Every structure is written in C-alpha cells, then in structure tokens.
Amino acid sequence: MSRTLIYVNKEKVIGVAVPFIGSEVKVIKQTSASGGFNWLLQGEVSRAKQEGITTQIHDLLPETIVNKLIECFPKELIFENVDDCTRVLKEWEQQDNIGKPIFLSGILRIPNLCISERYDPLSPPDLSGVKSILYNGEESIICEIVGDGVRLPLYLNRDALTMVGYCNNQMVDVIGVLGFSPWYDAGKSRTINLILNGIAIWVK
C-alpha cells in the first residue's frame, strides 16, 4: 500500500511505541551489495552484518519511530475501515479502552476548512476558521474519519493543521489512542463514547 507520512506527534508516538519496541534500541548500518547502506533498527538484519550504536528512542526521528511502530503493531488493533472499527469499539464498551492505540483507514474530514484543490505550501490557506478545543490541556482541532455511513471523531494537535489540511476529504491511515467523549451517534445505530487522539497520519 503506497502512502506518505505527513504528520507525527513525537511526544505521543514515543509513549505509544515504547511498549512495542522498547525505550532503548540498536541502530544498525546494513551495507548493501552496491556499497550503500541503510540505517535499520535491531532485529532486521543478521548479527554477522551488524554495525551500529545503542540509543534511546527519544533520540530518534519521529518518522523512524512511527515506521518501526507500524511493523510491530498488533493485528487486532488494525482496522481497514471505519465501519469495522466502530462496531468493535461498541463491542469493547465494558473494557477500559482509554489510551488503547489503534490503526484506522478512512476518509479525513475537517469541518469548516475551505481550501482550493491546489494546495500551495509556499502560500498556505487561511486556517483560522477551523474550530479547536482544549483536550487534555492541548489545543486540538476536531476532525472525523468517515466511511460506510459511520464516523469517528479525530482530535489532532492544532499545529498539525498546516500539513494535514491539504488531505481534507482524502483517504488516510491514522495511528492514534482512544480517548473519552460524551456519548454520540457514530452511525448505524452505534452510540459510542470514544474518540481517536491522532498521533500519525499517512495520506494514500
């Protein structure tokens, strides 16, 4: 699946990634037959070809962390569409789901965002009309991931809007953690009380 990573919240991705890849990793230089090399994380090449350093996860680029996290993400927390995701969230009602990470594919919608089809990074649009709220002490914009007649609120750091805005109404992949919300109708008679607090977004 071809996709481009357009946003990562480094602080949040570290918090989610540590249980899956650890707080300390070995960064390995793998030499290829052509003489070039790639930096990889421990476990991806044989020890006979390893040369590298041990480092703390917070010293890595956020893109490196989130791409490694994807490789280790539990299959039962990956949802290819919003319909399946909201159905499972409804089934999880009796569980303690706050803080649980999930990976979700769907169409991103940002209310009150009006931009032209040609998004110029040298002249970004006026984004002041997009509403924001304080969520866990962080200024967040309220978006939604939609598909198959259902929707899931997606809260993103306000700072993400400049990059995320251009993929409004586009198919995206999102990693986030579940957060609490008052009960709402997600569609298809599913009343749920969870939102997705976005950590990383890929546009397809």
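I count two strands as paired if DSSP finds at least two bridges between them. The model I am reading is predicted.

**Entry 1: strand β6 and β8.** I looked up β6 against strand β8 (residues 138-147) and found antiparallel pairing over 3 bridges. To place the contact, I took L108, whose bridge partner in β8 is I145.

**Entry 2: the other neighbours of β6.** I then asked how many bridges join β6 to strand β10 (residues 171-185). The count is 7, and these two strands run antiparallel. P101 has V177 as its bridge partner in β10. With strand β5 (residues 78-79) the sense is parallel, and 2 bridges make the join. There I noted F79, whose partner in β6 is L104.

**Entry 3: the crossover.** I followed the chain through β5, helix α3 (residues 82-91) and β6, which make a β-α-β unit. I recorded its hand as right-handed.

**Entry 4: cover on β6.** Is β6 mostly covered or mostly open? I find it mostly covered, since 7 of the 9 residues in 101-109 are buried under the 20% cut-off.

**Entry 5: cysteines.** I searched for disulfides and the structure holds 0. C72 is partly exposed, with a relative accessible area of 29%.

**Entry 6: aromatic pairs.** My search of the whole structure gave 4 aromatic pairs. One of them is Y135 with Y155, with ring centres 4.9 Å apart. Their planes stand at 85°, so I list the pair as edge-to-face. Y135 belongs to strand β7 (residues 132-135) and Y155 to strand β9 (residues 150-157), so the pair ties together parts 20 residues apart in sequence. Are these two tyrosines buried or exposed? I have both Y135 and Y155 down as buried.

**Entry 7: charges over rings.** I looked for charged side-chain ends over tryptophan rings and noted two cases, K100 with W92 and R3 with W202. The charged end of K100 sits over the ring of W92, 4.0 Å from the ring centre. For R3, the charged end sits over the ring of W202 at 5.1 Å from the centre.

Note on methods
Residues are numbered from 1 along each chain as its sequence is written. This is a predicted model: local features need pLDDT of at least 70, side-chain atom pairs count only at pLDDT 80 or more; totals for chains, interfaces and linings use all residues. Side-chain values use heavy atoms; hydrogens and water are left out. Buried means under 20% relative accessible area, exposed over 50%, partly exposed in between (1.4 Å probe, protein chains only). Helices (H or I, at least four residues) and strands (E, at least two) are DSSP runs, numbered from the N terminus. A crossover is right-handed if, with the strands pointing away from the viewer, the path from the first strand over the helix to the second runs clockwise. A disulfide is a pair of cysteine sulfur atoms within 2.5 Å. Rings of Phe, Tyr and Trp (its six-membered ring) pair if their centres lie within 6.5 Å; planes under 30 degrees apart count as stacked, over 60 as edge-to-face and the rest as tilted. A charge sits over a ring if NZ of Lys or CZ of Arg is within 6 Å of the ring centre and within 35 degrees of the ring normal.
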